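This briefing covers a two-chain model. Please have the sequence and the structure open while reading.

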Amino acid sequence: MRCRGEADRASPNVANLFLPDFAGMTAIAFALLVAGGSFGAGLLGALTGLGGGIVVVPMLTLLFHVDLRYAIGASLVSVIATSSGAAAAYVREGFTNVRVGILLEVATTIGALIGAALAGVTPTSYLAILFGLILLFTAIRSIRPRQEHALLTTPDKWSARLRLDSTYPSAGGKQAYSVQHVPAGFLLMFVAGILSALLGIGSGIVKVLAMDQTMRLPFKVSTTTSNFMIGVTAAASAGVYLHRGYIDPTVAFPVMLGVLCGALLGARILSAVNAKVLRQVFTGVVIVMAIEMLYKGFTGSL
Amino acid sequence: MKDSPPRVSDHTVEQIVGRMLQLGVLIAALVVLTGGVLLLVQHGGAPASFSVFHGEPDGLRSIAGILRGVGTMQSQAIVQLGLLLLIATPVARVAFTLVAFVLQRDRTYVAVTALVLALLLYGLVFGHA
């Protein structure tokens with residue numbers, strides 16, 4: 001076992017601005033607290049639709065002083081668990097556009113492998129700043145909820161060539177839709193893949209931007225297809241991180257089990273809770289974490 | 001889409017894949033839970049210090065090393081095996097999607113899916129990026 005003094009030397013200890021600080025615990029206390037926090041993250045993530053992955057890394061690094069690389073490894077693992085665990089529920093509804101998903105996965109997996117390579121050479125303070133910006137962006141997007149846009153059926157050259165157009169079940173029978181701006185969506189997904197690997201998040205927020213806003217997929221199709229892709233994208237970089245020693249069992253196991261249980265419970269009680277209040281709570285948490293991450297990034301103390 | 005009648009519908013494939021994924025996550029979670037409980041029983045009193053990155057030892061980051069550790073009932077290796085199974089579930093999903101496109105004789109998407117699968121296996125098996 002390492003002595004405490006050695007551990008403290010490497011990271012200049014800058015106190016958190018607002019958040020509490022749990023340092024110097026035994027493994028059992030660490031596991032229980034991390035599992036509890038991860039459970040909350042998974043629960044709120046599922047209830048608000050924002051995903052829990054985005055708060056796992058700030059929680060581990062800010063509250064528990066876990067090195068950013070261990071935190072990213074553990075978070076990616078939890079992202080895979082929630083994505084795969086939720087898949088069956090989504091599949092039953094029959095909204096996923098498998099062709100769109102697999103095509104865009106070419107972009108996200110290449111992005112994820114490049115992101116994993118970049119993560120090895122990027123200073124952690126830069127990653128903290130980038131993380132803070134993504135958290136702020138998430139908060140802004142959650143304050144202004146997305147609006148359902150009109151469906152387009154105008155043919156698109158790429159969409160026709162790749163047979164991406166499809167239908168989805170709606171109240172009035174099968175509804176046809178046409179996929180727009182395929183190259184632009186592909187490029188955005190490449191960025192989503194890089195961010196996913198660099199920060200250990202699902203980057204659902206960028207994926208929705210690509211599929212909802214750019215490719216103009218119907219709301220439910222983009223949500224379920226995005227879920228399909230998040231697990232695959234995270235698996236690409238998680239494999240690399242496992243080999244690189246970023247995935248520590250003591251950190252990853254309470255995170256994975258906590259987030260998974262929270263997300264599964266969240267999906268079950270979704271219809272019984274007031275999502276609006278929860279969304280505000282979650283947005284508040286995300287903003288506080290964003291400020292802390294930016295502060296730590298700019299003071300170079302993460 | 002139009003000509004081959006005995007084709008497997010996208011929806012049937014998705015149903016099977018969805019169930020498979022859930023089962024994969026369940027098995028992975030049980031293995032992780034077993035390893036995690038064992039880990040806390042054996043090393044629960046040790047100080048939890050992760051503020052300095054050391055990288056995992058070889059036995060916890062290569063597939064062969066993890067399997068060796070599981071053979072000797074090492075708790076940390078059992079957790080890693082569960083995590084490895086978890087990482088493998090989306091890979092299995094892509095592999096299954098590939099089979100479905102082969103059955104549908106959809107050449108374009110067989111190629112696209114094979115590329116995604118190759119990228120995933122590359123990361124998982126070789127671990128280079």
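Which residue does A:Thr26 stand opposite in strand 1 of chain B? The residue opposite A:Thr26 is B:Pro47. This is a predicted model, in which local features need pLDDT of at least 70, side-chain atom pairs count only at pLDDT 80 or more, and totals for chains, interfaces and linings use all residues. Residues are numbered from 1 along each chain as its sequence is written, with chains lettered from A and ligands numbered from 1 in the order in which they are written.

**Confidence**
- The predictor assigns the complex a pTM of 0.89 and an ipTM of 0.88.
- The average pLDDT (the predictor's confidence in each residue, from 0 to 100) of chain B is 87, and 90% of the residues score at least 70.
- Residues 1-6 of chain B have a pLDDT below 50, and this stretch has 2 contacts beyond near neighbours in sequence.

**Contact between the chains**
- Chain A gives 63 residues and chain B gives 59 residues to the contact (C-beta atoms, placed from the backbone, within 7 Å).
- On the side of chain B that touches chain A, helix 1 of chain B gives the most, with 19 residues (helices are DSSP runs of H or I, at least four residues; strands are runs of E, at least two; both are numbered from the N terminus).

**Strand pairing**
- Strand 1 (residues 25-26) of chain A pairs antiparallel with strand 1 of chain B over 2 bridges (pairing requires at least two DSSP bridges between the strands).
- Strand 2 (residues 166-170) and strand 3 (residues 173-177) of chain A run antiparallel and are joined by 5 bridges.
- These strands 2 and 3 of chain A form a hairpin with 2 residues between them.
- A:Tyr168 has A:Gln175 in strand 3 of chain A as its bridge partner.
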